[in-house]
Amino acid sequence: MTPTSSPSANVAFAELGLGPELLTALTELGYEEPTPIQRAAIPQLLEGRDMLGLAATGTGKTAAFALPLLQVIETGASQPAALVLVPTRELAVQVAQAVHRYGKKRSVHVLPIYGGQSFQQQLKVLKRGVDVVVATPGRALDHIRRGTLRLGSLAVLVLDEADEMLDMGFAEDLEAIVAEVPAQRQTLLFSATLGPRISSIAAKYLSNPVEVRIEEEEDTDAVPLVRQTAYLVRRPHKLAALGRILDLESPDAALVFCRTRNEVDELVEALNGRGYRAEGMHGGMSQEERDRVMKKLRGGTVDLLVATDVAARGLDISHLTHVVNYEVPSAPKSYVHRIGRVGRAGREGVAITLAEPREHALLKNIERLTKQKITVTSLPTVADLRTRRLELTRASVREAIVEGELDRFRVVVEALSDEFDLFDIALGAVKMGHEATVPGSEDDDQEIPIEKPFREKKRGERIPAKGSRGQARGGGSTSLFIGLGRSAGVRPKDLVGAITGEAGVTGRQIGSIHISERFSLVEVADGVAEQVVQALRSGKIKGKKVTVRIDRGR
């Protein structure tokens with residue numbers, strides 16, 4: 001059944017047992033159909049079951065636990081009804097924003113709690129009363145110990161990305177927090193991996209849980225003649241990154257996939273504002289509107305079609321050269337279906353994916369399914385873009401010379417030759433043509449933070465775990481001097497928590513940690529060293545201001 005803009009038409013989510021308020025919110029947000037983990041988890045959670053969910057970042061697990069949570073909790077009480085624990089402040093903000101959007105129709109109050117934010121501001125909101133708290137373990141425990149976060153009425157506890165929290169040294173904090181939660185509660189644990197430690201805390205904290213595992217699919221259709229590339233770029237820079245990639249690739253026609261209707265509409269508007277010829281297609285459009293868009297695409301008056309998976313089913317565009325995943329697909333099979341639209345009839349196609357650094361596991365799942373390598377690389381620089389634009393100009397000038405019929409312009413050149421050198425005249429003409437015809441403006445070029453490609457583990461090599469004596473994951477590392485050591489009671493988890501909480505970096509970007517009596521040395525990825533230094537200088541570790549600098553003498 002084709003979804004429409006009516007809330008009642010959101011049949012796929014309604015079949016999972018969600019109520020009308022949540023369905024209305026999902027429709028307004030542009031959600032068209034559930035991801036595999038949402039289909040598997042939501043009905044079970046609505047029945048009140050504890051759950052062990054095994055799924056990577058980007059599979060839609062936030063909605064999988066947030067939607068049933070919002071449906072079952074009682075709102076408006078003086079104490080929180082649900083607590084979601086996450087490893088980093090970045091994820092705390094993302095999850096809190098998602099819960100707020102889903103629960104807006106129910107007037108749900110949600111508060112993110114994390115280090116680096118004013119404690120007093122968090123306290124003020126807690127005193128007013130919140131329904132859902134999304135917190136990093138360290139800051140949640142601070143509030144609990146001060147008596148400012150009371151969990152006596154908690155009905156639902158969620159441990160999100162539990163494997164990351166354990167890797168970052170939060171095991172003791174989790175145990176202390178769970179001790180404050182009522183024994184009669186619903187507990188959900190989500191992890192990308194199922195190691196011994198995850199199994200242990202699942203057995204300890206969960207009661208007769210149902211296990212939901214997003215299994216890798218076995219075999220799939222071949223993916224012939226498709227060049228597959230993933231560019232590392234964080235969400236705030238995706239639009240600029242997409243524009244740069246389109247300028248470099250110069251596709252004849254490209255299909256850009258988004259997850260929701262709203263993303264389609266917003267991206268189409270943004271692309272057209274940047275001078276591209278883009279149209280959108282999603283489940284909220286009538287068949288007549290879709291036919292009109294396809295007519296434009298096949299007629300060559302549109303270069304980019306931005307669509308959701310639902311809307312793009314069955315599309316056959318003969319001159320399509322590129323498929324772009326604006327988001328990494330939540331299911332590997334979806335990726336295969338998407339890129340299968342190019343590389344047909346013996347023609348080479350191009351598949352491009354914009355991946356956030358935390359989505360490495362999703363790309364690996366796709367590679368296992370397709371049995372093909374996705375080249376993961378950093379985004380092209382402004383210099384790369386300018387070189388490409390000059391190549392296009394050179395090709396255009398050469399084509400004009402080969403075509404001939406230049407005599408009518410001779411009078412311009414002859415008139416200028418009395419005043420300027422012929423080479424300078426040619427340069428001026430090329431500059432005019434370049435600025436008039438090549439897409440984009442060099443004045444508008446912006447530097448996008450470069451994300452280093454994921455470090456590949458070689459056969460027989462051991463990549464050090466976080467906090468061990470080894471290099472920060474992801475390439476080169478920089479050693480930081482932190483003027484606090486064992487005499488101040490500093491432990492590795494204190495340093496990891498401060499760096500991830502204050503600087504907003506991930507545990508993957510932290511390497512070896514050495515704690516001496518009066519100072520500590522911490523390795524972090526080269527690209528975030530200055531960011532960490534500045535963040536820690538303005539923050540505190542163990543409640544103390546500390547000296548932080550790059551360790552030049554090591």
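Predicted model: local features only at pLDDT ≥ 70, side-chain atom pairs only at ≥ 80, totals over all residues.
Let's start with a charged pair: R277 and D303 form a salt bridge, and their closest N and O atoms are 2.7 Å apart. This pair links distant parts of the chain, 26 residues apart. R277 sits in the loop between α12 (261-273) and β10 (278-281), while D303 belongs to the loop between α13 (287-298) and β11 (304-307).

**A buried pair**

The side chains meet at 2.7 Å, N to O.

Are these two partners buried or exposed? D160 is buried, with a relative accessible area of 0%. K61, at 5% relative accessibility, counts as buried as well.

**Another pair, and a network**

R491 and D494 also meet through their side chains in a salt bridge, here at 3.6 Å from N to O. R491 is partly exposed, with a relative accessible area of 34%. D494 has a value of 16%, so it counts as buried under the 20% cut-off. Elsewhere, salt bridges with shared partners join R235, K238, E327 and E356 into one network. How many salt bridges does a search of the whole structure find? The search finds 18.

| Salt bridge | N to O distance |
|---|---|
| R277 and D303 | 2.7 Å |
| D160 and K61 | 2.7 Å |
| R491 and D494 | 3.6 Å |

**The nonpolar cores**

Now for the nonpolar side of the model. Which residues touch the most other members of the largest nonpolar core? They are L83, L85 and L189, in a core of 60 residues. Leaving aside residues up to four places away in sequence, L189 touches M51, L52, G53, L159, A162, I198, I201, A202 and L206. Apart from this core lies another, made up of 44 residues, and its members include L18, A64, V86 and A96.

Note on methods
Residues numbered from 1 in each chain as written. Heavy atoms only, no water. Core = buried A, V, L, I, M, F, W, Y, C linked by side-chain atoms within 4.5 Å. Buried < 20%, exposed > 50% of the residue type's maximum accessible area, 1.4 Å probe, protein only. Contact = heavy atoms within 4.5 Å. Salt bridge = Lys/Arg side-chain N within 4 Å of Asp/Glu carboxyl O. Helix = DSSP H or I, 4+ residues; strand = E, 2+ residues; numbered from the N terminus.
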